[in-house]
Amino acid sequence: MRILLLTRSFNSLTQRLFVALNDDGHTLSVEFDIADSVTEEAVALFAPDVVIAPFMKRAIPESVWRSHLCLVVHPGIVGDRGPSALDWAISDGVTTWGVTVLQAEAELDAGPVWATRCFPMRQATKSSLYRNEVTEAAVVCVREALAKLDAGTAPVRPPADAARSLPLLRQAQRHIDWTRDSTETVLCKLNAADGVPGVLDALFGVPCHLFDGRAATAGDVPSHAAPDTVLARRHGAVLRTTGDGAVWIGHCRRDDQAEAVKLPVALAFPDEVAALPHLPGDDEIRYAQHGAHGEVGVLHFAFYNGAMSTTQCERLLAAYRAALRTPARVLVLAGGPDFFSNGIHLNVIEAAGSPADESWRNINAMDDVCEAILTTTDRLVVAALQGNAGAGGAFLAFTADAVWARDGVLLNPHYKNMGNLYGSEFWTYTLPRRVTQAAPKAVMQNRLPIDARQARSLGLVDVVIEAVFDADRAQFLPVVIERALAWAAAPEFEAQVSAKARRRALDEAAKPLARYRDEELAMMRRNFYGFDSSYHVARSYFVRKTPPSWTPRHLARHRDRPPAGPNA
Ligand code: COA
């Protein structure tokens, strides 16, 4: 079928559908929902069999849904209507939620149902539920809807009394009463608003939106602490007491500064936070050993949104070096549950006095981590992708000896979308060694996401670990650890480590890693400090979520010019 994806942005759900439907053999194009006239033009140019709207903030124009079948992906159960579906589901503490694919009609979310799926709710942020359960269910629902369409099966109109229409969840309803609300309630409110819009609140007397709440452990909170007190700091986060305990708040966006972006609290309020006592510990980086003699070490680095600032890279490097001092024969880099990594921290860079200088520091810190992995010759390193990896975060994974990915994970192994960044992370060294089915340049030029299976067929991923149950992410790391233990115990293990060390030595003799790094960084220096400011412009748009004013040509294929004819 010819399918037009009409969407507000090319977000993770849209990317996942794009990859899945492309894989199913459909012909796809994408148009951003910018204006009715633009949508009408896209439909006229592409002449789709069906329009699918995975992520919309407003109605599809009547002229389009009257003339074309339009399927809307709604992140809610049958009968649910409204713009804050997941927010309400989290706030109300429902135990089961779902995704429904409905046909667009005059009334929003009220059309006949083509497919629906339910899933058990997890205590997690809205964005985590969206990127995982909602996305998995949406792919299944859209495939089912297309199969029904193909078979001529009609959709089902749910009974009118099944309708539950809820309005936009407003800040007044999200309000936290820090003196009374329990920790559970506070976390529920923060989770229902993460990553957008956040909870409107205040820190140090300054209005701001809060994000990234985490429960404190008993040891973090002194028993005499009064509610609503900011007690301590740990790396970027601050500890604030609730009615019955405390939560760590990792990120905020100040509302007293016009251009403020979402930042670690310690960066948004540097002086205030510096004055707080530092509680030792690390909620982001954790190392766990497995096997009778710690043969497998798993390094978790769950950075918010997968973004890795200079200091986070430095802490990760220290943790990696500490892991090298353990007996682990196989070291697993596990990233975080939602993202493996998305590369350098664009928000922290944006907020720096000199974004160019901070970009430079950040990419160097990132390269230090990559170099430490590449020069590990006494054991094997596995990158285990539980979640998506983008730009430098994908290339961080490729520095490992093996890349194992959860089925369904998306990779964006290119830097082009960030203002044509050249990229570093030793991609000029690792990519030609990995890519077997295409030219490395073609991988870098391709601005589109690929899924784990496509990445495997390109040679970027070595093993795809399939889910036994639909959308069961929890089993991924246990399977990884089991495989890593088997690898560490395999008779050929020592020979593999020796072969790796020999290969590294030969490669180093042919061209030192330092030269790859210098060459890449020379290009990055131009991106950061040069005449062409595309990277700075793209970053500013990205961190401020500036609505697009046009759909990039690599997505809007219907806007491709026809090849010039002989008389052109
Ligand atoms: N730095 C800071 N924040 C980042 C980030 C980065 N490198 N990458 C992603 N994020 C943030 C987004 O701003 C968004 O924030 P929110 O919580 O306020 O909504 C969140 O992570 C999720 O990102 P989103 O774009 O919604 O996720 P996605 O799964 O739809 O798309 C990517 C994934 C990787 C395609 C996209 O996030 C991206 O292009 N990131 C930038 C990668 C990059 O260029 N890195 C720098 C060069 S190494």
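**Exercise 1. The second largest pocket**

Task: Identify the residues nearest the centre of the second largest pocket and describe its lining.

Solution. Step 1: Among the 41 residues that line the second largest pocket, Q123, A124, T125, G213 and R214 lie nearest its centre. The model is predicted: local features need pLDDT of at least 70 and side-chain atom pairs count only at pLDDT 80 or more, whereas totals for chains, interfaces and linings use all residues. Residues are numbered from 1 along each chain as its sequence is written, and side-chain values use heavy atoms, with hydrogens and water left out.

Step 1: Two or more lining residues come from each of α4 (85–91), α5 (126–151), α7 (183–192), β10 (206–215) and β15 (285–290). Helices (H or I, at least four residues) and strands (E, at least two) are DSSP runs, numbered from the N terminus. The most is given by α7, with 5 residues.

Step 2: A pocket is, on a 1 Å grid over the protein atoms alone, an open set of points with protein on both sides within 12 Å along at least five of seven lines; a cavity is a set where a 1.4 Å probe fits but cannot get out; lining residues have an atom within 4 Å of a point. The volume of this pocket, about 1200 Å³, is the space filled by probe spheres set on the points, which are joined across faces, edges and corners.

**Exercise 2. The ligand**

Step 1: An N or O atom in the side chain of N305 is 3.0 Å from a ligand oxygen atom. A polar side-chain atom of K545 also lies 3.0 Å from an oxygen atom of the ligand, and a polar backbone atom of N342 is 3.0 Å from a ligand nitrogen atom.

**Exercise 3. The cavities**

Task: Describe the 2 cavities of 30 Å³ or more.

Solution. Step 1: The largest cavity has a volume of about 120 Å³. Its lining has 14 residues, with R131, N132, N388, R406 and G408 closest to the centre. The helix α5 gives the most to this lining, with 4 residues.

Step 1: The second largest cavity, of about 30 Å³, is lined by L299, F301, L316, Y320, L333, V369, I373 and L396.

Definitions and conventions. A polar contact is a pair of N or O atoms within 3.5 Å; within protein, one must be able to donate a hydrogen and the other to accept it, and residues adjacent in sequence count only if both atoms are side-chain atoms.
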